Structure formats: structure tokens, C-alpha cells
Amino acid sequence: MMPVPPQSVVIVSLLLFGIGVLGVLTRRNAIIILMSIELMMNAANLNLVAFSRQHAHLTGQVFGIFTITVAAGEVAVGLAIVLALYRRFNSIYVDDVRLMKE
Amino acid sequence: MTPGPEPILFYVLSAVAVGAGVQVIASRNPIHSAIGLVTSFLAIAGLYVLLHAEFVAAAQVLVYAGGIMVLFLFVILLVNLRDRPPLRPRLRGAFAAAAGLLAIGAMFVAAGRGRLEGTAAGASSAGGPGAAATGNLEAVGTALFTEALLPFEIASVLLLVAMVGAIVLARDLRRE
């Protein structure tokens, strides 16, 4: 069995995280921004699991499971906020929401 | 050590994960973004299997590809979508792209520096007989319920709070 080198996994995780950062910075749709945040959490999770494999220690995987749990809660609350925004402003585009700026 | 199918699988899954990730932020239609997201999640679950983290892979498929995607699709269908250009006005878009590229560059530098120190440990763990060669559910379960028992219970409370919060936030107060 030829193992997957952790360095390659780190590069993949890096690319996914970069895509997430770009998405958060460039998109205006709040749902897409949440999806980009999910991509970044997945990239971090991939790193945790890869390092768990590299050091032959299970703590990384346990942390990965907790990350998935927290991501589920975060998405539920985030999408509820998106729904509340839509009711209030009739829009889910983040540049339409600027109550604190005016 | 004979080269198995893992390297090819790894490259295919990585390409799918990254390509689908690009689709998430590049497509105009949020439904297409959601499809890209679920594809990316499933490819990452495959990567977890290659890394011998079978339980994390199963949790990934159940929670992300199952629960979270359904939530995303429901909200996309609930809100009214108007077509708009995806990027901000030119100057701010360029600024955002520059900031993103800078962050990616910094992380590439960090990953490049980490390689020097990481190789020895990776090689030694690769040479060993691999304690988790055939599934690790039992070991993960033991770790989860002994070392990580308190975080585990706190996570359950967190999920309860998130659920109640989501219900309260998403409720339409004006109609009641």
C-alpha cells in the first residue's frame, strides 16, 4: 500500500482554502459566501486528518469530527440569518444590507 | 513497496475537489454552486478514506453531503433570486482578488517551509506497518469517549443551542 504523502494533501487543502477566501471576498450573495466558508472549514479539516495520519495519532481525526459538528451548527444558524435578512430586506446580497453604515 | 492505486486516486479526487470548489465561487446560478459544493464534499470524503480516516469520511458524507446540502438547497429555493454580476465593482473586485492571492501566496510559502521539517516524520510513519490499516472506527470511538468526552458533550449542547437559535431566527415574527 503506497500511502498518500501529507505534503500533497496540504497543497490540496491550500488550494481549497484559497478558493474559499476568494469566494468570501468577491461574491455578494450571502448563500455563496456561506458555501465559501464551508470550503475553508473543509480545507482545515483535511489538514487535521492529514496531520493525524502523518503523526499516527488519532487526535486530529477527533478534532475533525468536532469541526464537522460545529460546521453543521454554523450552517444552520447562518442560513437562518440569511432567511431573516431576506424577510427584512427582500435581498440576500450583502451590499444591500448596510443598516450600520447609514 | 508496490505502488497501488492510491496516487492516481489521490490526484483524481484532489482535482475533482478543487475543480468543484472553483465551480462554487464561479457559477452565476446558486444551484450550480450547490452542486459544485456537494461534489467537492464527496471528493474530500474520498480523500479521507485514502488517509485511512473512514469514520471522518462517513461523517463528512452524512453531515455535509446529506444535511448541510439539503439546508442550502432549501434556502436557495426559499429566497427569490435575481440575476446580478458576481463580482463587486471593478476596483473593489481587483482589491479582493489581490488580497486573496496574497493570502494564498503566504500559505504556499508556509507550506513550502513546512515540507523540509515534515518529510522525515512522514517517511517514518509511511514505513511503519500502519496501525489503522483496516478501518479505525473502534479507535476513534474510544478516543472520542475517553480523551474527548467533555468536548463531545459540549458539542451536543452547542448543536442544541444552534438548533434553537436557527428556529428562532428563521421564524416569521410578523405573521404571529
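In this predicted model, 75 residues of chain B are in contact with 65 residues of chain A, contact meaning that the C-beta atoms, placed from the backbone, lie within 7 Å. Local features need pLDDT of at least 70 and side-chain atom pairs count only at pLDDT 80 or more, while totals for chains, interfaces and linings use all residues. Residues are numbered from 1 along each chain as its sequence is written, and chains are lettered from A in the order in which they are written.

On the side of chain B that touches chain A, α4(B) gives the largest share, 16 residues; helices here are DSSP runs (H or I, at least four residues), numbered from the N terminus. By class, that side of chain B holds 56 nonpolar, 14 polar and 5 charged residues. Ala, Val, Leu, Ile, Met, Phe, Trp, Tyr, Cys and Pro count as nonpolar, Asp, Glu, Lys and Arg as charged, and the others, Gly among them, as polar.

Helix α2 (residues 30–54) of chain A packs with α2(B) at an angle of about 5°, the axes being 11 Å apart. Axes are lines fitted to C-alpha atoms over the stretch in contact, and angles run from 0 to 180 degrees between N-to-C directions. The two helices, α2(A) and α2(B), are therefore roughly parallel (under 35 degrees). Among the residues that meet here are A:L39 and A:L46 of α2(A), and B:L37 and B:F41 of α2(B).

Within chain A, the axes of α1 (residues 6–26) and α2(A) come within 8 Å and cross at roughly 165°, so α1(A) and α2(A) are roughly antiparallel (over 145 degrees).

Terms used:
Two residues are in contact if their C-beta atoms, placed from the backbone, lie within 7 Å. Angles under 35 degrees count as roughly parallel, over 145 as roughly antiparallel, 65 to 115 as roughly perpendicular and the rest as oblique.
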